[in-house]
Amino acid sequence: MSGPMNEPASGTARAAAWLAGALTRWPMAFLGLMMLIGVAINIANVIGRYLFNAPLFWAEEVLVYMMIWAVFIGLPAIVVDNAHLRMDLFYNLMGPRLKRAVDGLMTLLALACGGFGVFYSWQVVTLLAANRQTSVASNVPMALVHAGLLIGFALMLLALVVRPFAQAAAKTI
């Protein structure tokens, strides 16, 4: 019996499947590390505040910046798995051809939004870096904080490009 389901995946499809896996695993590992660091900062802040009457004045600010990074670094994993929130009441009622058309339109819109995000994030990051602006409490370079958006949007674009090839590879396995 022959057909696309029994043919081995091409080298491009295998590479895309590997990259799609990496775009899921690496951000999730990073998010896990960020969570552990955030919990450690929070515990240290609570101990400092309630036991020694000496809170970490920078903790809240750093935790907010870590949350920003976590949201945007998690983008590629969500995109690869197509797990973002969406209103699917009508989508589930559509036929296969209309679903493909809607999926294509959504991918084009996501590419446009991601490109917009990369373009303007780059401008903001370069401006903040040129001005050497830092945060008020923790003295963190604001270019570093905003770089999370740039990296997240760039990885999202990569995930959008890789996803169809990875899906094709999954169908041939």
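Modeller: Before we start, residues are numbered from 1 along each chain as its sequence is written. The model is predicted, with local features needing pLDDT of at least 70 and side-chain atom pairs pLDDT 80 or more, while totals for chains, interfaces and linings use all residues, and side-chain values use heavy atoms, leaving out hydrogens and water.

Colleague: Okay, is Thr24 buried or exposed?

Modeller: Thr24 sits in helix H1, residues 11-52; helices here are DSSP runs of H or I, at least four residues, numbered from the N terminus. Buried means under 20% relative accessible area, exposed over 50%, and partly exposed in between, using a 1.4 Å probe and protein chains only. Thr24 has 18% relative accessibility, so Thr24 counts as buried.

Colleague: Which residue has its backbone oxygen 3.1 Å from a polar atom of the Thr24 side chain?

Modeller: Let's look at contacts too, meaning heavy atoms within 4.5 Å. Leaving aside neighbours within four places in sequence, Thr24 touches Ala77, Val80 and Asp81. The backbone oxygen 3.1 Å from that side-chain polar atom belongs to Ala20.

Colleague: And Ser121, what is Ser121 in contact with, leaving aside its neighbours within four places in sequence?

Modeller: Ser121 is in helix H4, residues 96-131. At 8% relative accessibility, Ser121 counts as buried. With those neighbours left aside, its contacts are Leu149, Leu150 and Phe153.

Colleague: Which helix gives the largest share of the lining of the largest pocket?

Modeller: A pocket is found on a 1 Å grid over the protein atoms alone, as an open set of points where a 1.4 Å probe fits, with protein on both sides within 12 Å along at least five of seven lines; lining residues have an atom within 4 Å of a point. The largest pocket has 21 lining residues, with Asn82, Asp103, Thr107, Leu160 and Arg163 nearest its centre. Helix H3 (75-80), H4 and helix H5 (142-172) each supply at least two residues of that lining. The largest share, nine residues, comes from H4.

Colleague: How many residues of the second largest pocket's lining are charged?

Modeller: Among the residues lining the second largest pocket are Leu31, Met34 and Gly38. Asp, Glu, Lys and Arg count as charged; Ala, Val, Leu, Ile, Met, Phe, Trp, Tyr, Cys and Pro as nonpolar; and the others, Gly among them, as polar. The lining has eight nonpolar residues and one polar, and the number charged is none.

Notes:
Polar contact = N/O pair within 3.5 Å; in protein donor to acceptor, adjacent residues only side chain to side chain.
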